[in-house]
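Morning, everyone. Please look at the screen, and I will talk you through it.

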Amino acid sequence: MEKYTVVIPAAGQGKRMNAGMNKQFICMDHIPLLIHTLRVFEEDLLCRSIVLVVNPDERNAVAELLQDYNIRKVGKLVRGGKERQQSVYEGLKAMEEGGIVLVHDGARPFIDHSIIHKLVRTAGTKGAATVATRVKDTIKQVEAGQVKATVDRSCLWAVQTPQAFRHTELLEAHRKAEIEGFEATDDASIIEFVGAPVYIVEGDYENIKITTPEDIVFGEAIISNRKEEQG
Ligand SMILES: Nc1ccn([C@@H]2O[C@H](COP(=O)(O)OP(=O)(O)OP(=O)(O)O)[C@@H](O)[C@H]2O)c(=O)n1
Ligand SMILES: C[C@](O)(CO)[C@H](O)COP(=O)(O)O
């Protein structure tokens with residue numbers, strides 16, 4: 001199976017975590033969130049290298065963590081932008097052209113290797129793919145506090161990362177999006193913007209994005225559960 005490079009955006013501010021710091025440095029099981037995420041790709045034999053996108057004022061702290069935890073696959077530390085989209089674009093521009101690229105949130109530490117490999121296979125044959133899970137709740141359209149419609153959830157998926165692409169295609173799509181002022185919260189939307197198809201790879205519900213304080217509680221529970229399963 002084809003090897004890949006992963007761009008990991010970790011240059012956010014963690015505002016919704018309300019911790020007064022970038023949530024990437026918050027520990028679960030005594031290990032920083034960012035390290036949990038990086039270890040997944042450090043240990044994945046298909047991962048050729050990591051392009052890590054960081055806040056410039058956190059660059060030294062991140063470099064220290066990489067050394068302390070022996071993360072060796074980070075080939076480039078790249079300066080992030082104001083929005084996630086810009087951070088990812090900077091990472092794409094910094095890496096060697098060609099091949100398969102994955103984009104994965106630094107705030108998603110629980111992605112499973114088998115799902116990553118299925119995603120890489122899908123992108124290799126179909127061009128672009130994203131991990132997602134079926135929506136479990138009933139979803140309603142609301143305006144000014146009043147329900148306007150209930151959306152048929154049989155066709156709704158909650159999109160996660162990683163998302164996988166042909167590097168040259170995603171780079172060009174980001175360039176067009178920047179020129180035309182198209183803004184998106186994920187990279188699959190950027191590929192949709194240029195009219196290319198995106199496919200779904202079904203993931204699992206443990207691949208949460210650590211976003212608000214309760215997600216740390218959920219994350220600690222996932223880690224504890226996995227430790228029990230490993231015996
Ligand atoms: N300008 C930005 C914004 C976000 N991210 C990264 O994109 C991922 C997903 O973003 P999110 O969960 O929203 O993180 P934050 O932007 O830090 O959170 P918030 O919106 O609560 O500030 C995170 O790993 C975050 O560090 C980034 O690299 N650059
Ligand atoms: C990319 C993503 O994780 C897919 O669900 C999500 O769009 C990131 O959104 P955020 O607001 O930047 O956390």
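The shell around ligand 1 holds five nonpolar, nine polar and eight charged residues. Here Ala, Val, Leu, Ile, Met, Phe, Trp, Tyr, Cys and Pro count as nonpolar, Asp, Glu, Lys and Arg as charged, and the others, Gly among them, as polar. That shell has 22 residues, and the closest are Pro9, Gly12, Lys15, Arg16 and Ser87. A residue is near a molecule if its C-beta atom, placed from the backbone, lies within 6 Å of it.

A word on the source. This is a predicted model: local features need pLDDT of at least 70, side-chain atom pairs count only at pLDDT 80 or more, and totals for chains, interfaces and linings use all residues. Residues are numbered from 1 along each chain as its sequence is written, while chains are lettered from A and ligands numbered from 1 in the order in which they are written.

Now ligand 2. Around it sit Arg84, Asp105, Val159, Gln160, Thr161, Thr185, Asp186 and Lys209. By class, that is one nonpolar, three polar and four charged. Strand S10, residues 157-166, gives the most to this shell, with three residues.

Next, the whole chain. It has seven helices and 11 strands. Those are DSSP runs, numbered from the N terminus: helices are H or I with at least four residues, strands are E with at least two. The radius of gyration is 18 Å, close to the 17 Å from the globule rule for 231 residues, so the chain is as compact as a globular protein of that length. That radius is taken over C-alpha atoms, and the rule is 2.2 Å times the number of residues to the power 0.38.

What share of the 231 residues is buried? The figure is 35%. Buried means 20 or more other C-beta atoms within 10 Å of the residue's own, with C-beta atoms placed from the backbone.

On to the core. The largest nonpolar core has 50 residues, and Val7, Leu52, Val53, Val101 and Ala164 touch the most other members. Such a core is a set of buried Ala, Val, Leu, Ile, Met, Phe, Trp, Tyr and Cys residues joined through C-beta atoms within 7 Å. Helix H1, residues 33-42, gives the most to this core, with six residues.

Last, strand S8, residues 139-143. Of its five residues, zero are buried, so S8 lies largely in the open. Five bridges join S8 to strand S9, residues 146-151, and the two run antiparallel. Strands pair if DSSP finds at least two bridges between them. Valine 142 has valine 147 in S9 as its bridge partner. In this hairpin, with two residues between the strands, alanine 144 takes a positive phi near 55 degrees.

Definitions and conventions: Buried ≥ 20, exposed ≤ 12 C-beta atoms within 10 Å, placed from the backbone.
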